[in-house]
Amino acid sequence: MTWRWRYEAENGKPVDGPREDFTSQADAESWLGQTWRDLLGSGIATAVLVEDDRVEYKMSLKP
């Protein structure tokens, strides 16, 4: 299983962001916890956690 983040702009449209692959959900979430401010500063408003092709959840990066 591969976990990764997809990203959306404020309007909900996909945007490019770092492409990191993780072996666990916990690793993916830990990485996001360390980088969300930088992602938000680059125009990413929402992070979508995906396991293979299945969406686990969406999360706003706004405080």
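Guide: What follows describes the sheet, the helix on it and then the aromatic pairs. This is a predicted model, in which local features need pLDDT of at least 70 and side-chain atom pairs count only at pLDDT 80 or more, while totals for chains, interfaces and linings use all residues. Residues are numbered from 1 along each chain as its sequence is written, and side-chain values use heavy atoms, with hydrogens and water left out.

The open sheet has 4 strands in the order 2-1-3-4, with antiparallel pairing; strands are DSSP runs of E of at least two residues and helices runs of H or I of at least four, numbered from the N terminus, and two strands pair if DSSP finds at least two bridges between them. Its edges are strand 2 (14-15) and strand 4 (54-60), each pairing on one side only. Strand 1 (residues 3-8) is joined by 6 bridges to strand 3 (residues 46-51), and E8 stands opposite T46 of strand 3. Helix 1 (residues 25-41) packs on the sheet, touching strand 1, strand 3 and strand 4, where contact means heavy atoms within 4.5 Å.

The count of aromatic pairs is 2, the rule being that rings of Phe, Tyr and Trp (its six-membered ring) have centres within 6.5 Å, with planes under 30 degrees apart called stacked, over 60 edge-to-face and the rest tilted. W5 and Y57 are edge-to-face, at 6.1 Å centre to centre and 75 degrees between the planes, and this pair links strand 1 to strand 4 across 52 residues. W5 is buried at 4% relative accessible area, whereas Y57 is partly exposed at 26% (buried is under 20%, exposed over 50%, partly exposed in between, with a 1.4 Å probe and protein chains only). The rings of F22 and W31 have centres 5.7 Å apart and planes at 50 degrees, so that pair is tilted; F22 and W31 are both buried.

Note on methods: Axes fitted to C-alpha atoms, helices over the stretch in contact; angles between N-to-C directions.
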